Amino acid sequence: MEYKAVIALDAMGGDNAPMEIVKGAVDAVKEKKDIKIILYGDKERVEKELEKYEYEKDQIKIVHTTEEISCNEAPAMAIKKKKDSSLVVAIRSVRNGECDAVISAGSSGAVLVGGQILVGKGKGVKRAPLAPLIPTEKGISLLIDCGANVDARPEHLLQFAQMGSIYMEDVIGIKKPKVAIVNIGVEEAKGNALVKETYPLLKACKNINFIGSIEARDIPKGDADVIVTEAFVGNVILKLEEGLASTLVHKIKEGMMSTTRSKLGALLVKPALKETLKTFDASEYGGAPLLGLKGLVVKIHGSATAKETKNAIFQCVTFKEQNINEKIVSHLSAEVEKEKQETGGDK
C-alpha cells in the first residue's frame with residue numbers, strides 16, 4: 001500500500017515514553033488508514049506496549065535502537081556520540097528520505113541540534129525557528145521563535161515572519177495572516193535594540209501583512225496570527241501561557257467543588273465548560289515544528305500524552321500535503337537571490 005505519510009517517532013523520548021508515545025501512534029493509525037508509523041527505540045519495551053492494543057500491524061513498524069539521550073546531556077555532544085540513540089536514528093530516517101517527518105518528546109536541545117545538523121537548513125534559510133501554535137480567544141496563533149535562537153538578529157526575525165506567514169496561510173488556512181512583533185508598547189519607537197532594528201524590516205516587507213507591535217497582554221486575545229520574537233522572550237511567553245492556563249483550570253475546578261450549590265451548578269455548565277477549556281489545551285494543536293529545514297522535525301512537550309502525540313502525527317501529515325518546507329525554502333532562497341542582486345553580490 002502507498003501511504004500518504006510515513007512518520008518517525010522517537011519512542012524513548014519524554015517523561016511518558018514509551019507508553020504514551022506508543023498509544024498515540026496506535027490511536028493515530030486507528031483514525032487514519034493511509035499513514036505509517038515507525039517507532040524508534042528499545043524493541044522489547046516498545047513491543048510490550050504495542051501488545052496492549054489492537055491495530056493494523058502493517059501500519060506500525062519498530063526499528064530497534066540501543067541508546068537514549070537524556071535531558072541532562074549536552075545536546076551537541078549527545079548527538080555526536082550517541083549515533084544509535086532513538087532520536088538520532090529517527091532524525092537520520094528523515095534526512096535519508098525513509099520518513100517524511102520525525103516527532104520527539106525528548107531533549108529540546110538535542111532535537112534542535114539534531115534537526116539542524118543531521119537534516120540541515122534549506123537553501124536561503126539563515127536560522128531555523130521553533131514555532132508552536134498557541135490557543136487564543138479567536139482561535140490560534142503561531143509563536144515564532146519559542147526556543148531555538150536566543151541570539152537572533154533582525155534579518156532572522158524577518159525570515160521568521162515570512163516563514164510564519166506561509167505556515168499560517170497554507171497549513172491553517174488563514175488568508176493574509178496578521179504579523180506582529182512582541183514589544184513593550186505599540187509605538188514604533190519603543191523596544192530594545194533588536195526590536196527597533198527589526199521593525200522597519202518587517203514594515204518594508206511586501207509579502208507579509210505586518211500590523212506593528214503587540215504587547216504580551218494582547219497575545220491571548222488573538223490580535224495577531226503570527227507572533228514574532230527571539231527565542232528567550234518566546235519561551236517565556238509560551239511557558240507563562242501554559243502555566244497560567246493550567247492554574248486557571250485548577251482554580252475553576254476547585255471553585256466548582258467548594259460548596260453543594262457550586263457542585264450543582266457545575267453539573268449544568270460542565271458540557272459547555274469542557275468544550276471551552278478544550279480550545280485552550282495546547283496538546284490539541286500538535287507539536288512545534290522546526291521550520292526551514294530540509295525535512296520536517298517536530299518537538300512535542302516532554303510530558304506529552306497520547307493525544308498530543310496523535311495530533312502531532314496528523315499535523316505532520318498536513319505539513320507534508322501542503323509542502324510547507326519546500327514553499328518556505330523556495331520563498332526564502334528567492335529572497336536571498338534578490339538581496340544579492342540588489343547589493344551586488346553575497347552579503
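Me: Which residue just after H4 takes a positive phi?
Reply: The model discussed here is a predicted one. Helix H4 covers residues 86-95. Just after H4, a phi of about 80° is taken by Gly-97.

Me: How many of the ten residues of helix H4 are buried?
Reply: The buried positions of H4 include Ser-86, Leu-87, Val-88 and Val-89. Ala-90, Ile-91, Ser-93 and Val-94 are buried in H4 as well. Helix H4 is therefore mostly covered, where buried means under 20% relative accessible area. The number of buried residues in H4 is eight.

Me: Why is the protein chain described as compact as a globular protein of its length, and what is its radius of gyration?
Reply: The chain holds eleven helices and eleven strands. For 347 residues the globule rule gives 20 Å, and the value for this chain is close to that, so the chain is as compact as a globular protein of that length. The radius of gyration is 21 Å.

Me: What share of the contacts between residues at least 6 apart in sequence joins residues at least 24 apart?
Reply: The C-alpha atoms of the chain fill a box of roughly 60 × 60 × 40 Å along the principal axes. Buried residues account for 49% of the 347 residues. Among contacts between residues at least 6 apart in sequence, the share that joins residues at least 24 apart is 71%.

Me: How far apart are the mean positions of the positive and negative charges?
Reply: The protein chain exposes about 16,900 Å², of which carbon and sulfur atoms supply 53%. The chain carries 50 positive and 49 negative charges.

Me: Which strands stand at the edges of the open sheet?
Reply: Six strands form this sheet with mixed pairing, in the order S3-S2-S1-S4-S11-S10. An edge strand has a single partner strand, so one of its sides is left without a neighbour in the sheet. The edge strands are S3 (60-64) and S10 (288-289).

Me: What is the bridge partner of Asp-10 in S2?
Reply: Strand S1 spans residues 5-10, and six of its six residues are buried, so S1 is largely enclosed by the rest of the structure. Ala-5, Ile-7 and Leu-9 point one way from S1, while Val-6, Ala-8 and Asp-10 point the other way. S1 pairs with S2 (residues 35-41) in the parallel sense over six bridges. In S2, the partner of Asp-10 is Tyr-40.

Me: Which residue of S11 is the bridge partner of Ser-104?
Reply: Strand S4 (residues 101-104) and strand S11 (residues 296-299) pair in the parallel sense. Four bridges join S4 and S11. The partner of Ser-104 is Lys-299.

Me: What is the relative accessible area of Ile-35?
Reply: Ile-35 lies in strand S2. Leaving aside neighbours within four places in sequence, its contacts include Tyr-3, Ala-5, Ile-313, Phe-314 and Val-317. Ile-35 is buried, and its relative accessible area is 0%.

Me: Is Glu-215 buried or exposed?
Reply: Glu-215 sits in the loop between strand S8 (209-214) and strand S9 (226-228). Beyond its neighbours within four places in sequence, Glu-215 is in contact with Asn-183, Ile-184, Gly-185 and Val-186. Its relative accessibility is 18%, and a residue under 20% counts as buried, so Glu-215 is buried.

Key:
Residues numbered from 1 in each chain as written. Predicted model: local features only at pLDDT ≥ 70, side-chain atom pairs only at ≥ 80, totals over all residues. Heavy atoms only, no water. Helix = DSSP H or I, 4+ residues; strand = E, 2+ residues; numbered from the N terminus. Rg over C-alpha atoms; globule rule 2.2 N^0.38 Å. Buried < 20%, exposed > 50% of the residue type's maximum accessible area, 1.4 Å probe, protein only. Contact = heavy atoms within 4.5 Å. Areas by Shrake-Rupley, 256 points an atom, 1.4 Å probe, with all protein chains shown as cover. Lys, Arg positive; Asp, Glu negative; His and termini not counted. Charge placed at Lys NZ, Arg CZ, Asp CG, Glu CD. Pairing = 2+ DSSP bridges.
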